[in-house]
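Please load the model in your viewer and keep the selection tool at hand.

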Amino acid sequence: MHGIYYVILPLFAALLVLLTIAALYMGVFKAHRQSASMGKKAISGIASGVLSCLVWFFMYSHHYLGW
């Protein structure tokens, strides 16, 4: 990897994680609705973040190991 790739690839990885968090939060947990309580929104946000980070960690580690 050269030059700009050291900037683009981490930013792309961060974007993928953030978009996955948003998709899980709104699609799976449906916590974006106004009827959802603050507790559900907070727990859904944390769960979405943890799940997204775990999924992308294993997908990226698998990719970089070259299996």
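Does F57 count as buried or exposed? Select F57: its relative accessibility is 52%, so this residue counts as exposed, where exposed stands for over 50% relative accessible area, buried for under 20%, and partly exposed for what lies in between, with a 1.4 Å probe and protein chains only.

Before going on, note that this is a predicted model, in which local features need pLDDT of at least 70 and side-chain atom pairs count only at pLDDT 80 or more, while totals for chains, interfaces and linings use all residues. Residues are numbered from 1 along each chain as its sequence is written, and side-chain values use heavy atoms, with hydrogens and water left out.

A pair of aromatic rings is described by the distance of the centres and the angle of the planes. The rule pairs rings of Phe, Tyr and Trp (its six-membered ring) whose centres lie within 6.5 Å, and calls planes under 30 degrees apart stacked, over 60 edge-to-face and the rest tilted. By this rule the count comes to 1 aromatic pair. The ring centres of F57 and F58 are 5.2 Å apart and their planes stand at 70 degrees, so the pair is edge-to-face.

Next, zoom out and colour by secondary structure: the chain has 2 helices and 0 strands, both being DSSP runs numbered from the N terminus (helices H or I, at least four residues; strands E, at least two). Along its principal axes the C-alpha trace spans about 50 × 25 × 15 Å, and buried residues make up 15% of the 67 residues in the chain.

Select K30, in the loop between α1 and α2 (38–65). Most residues other than glycine have a negative phi, yet K30, which is not a glycine, has a positive phi of about 50 degrees. With a relative accessible area of 34%, K30 is partly exposed.

Finally, select Y6 in helix α1 (residues 5–28), which counts as exposed because its relative accessibility is 55%.
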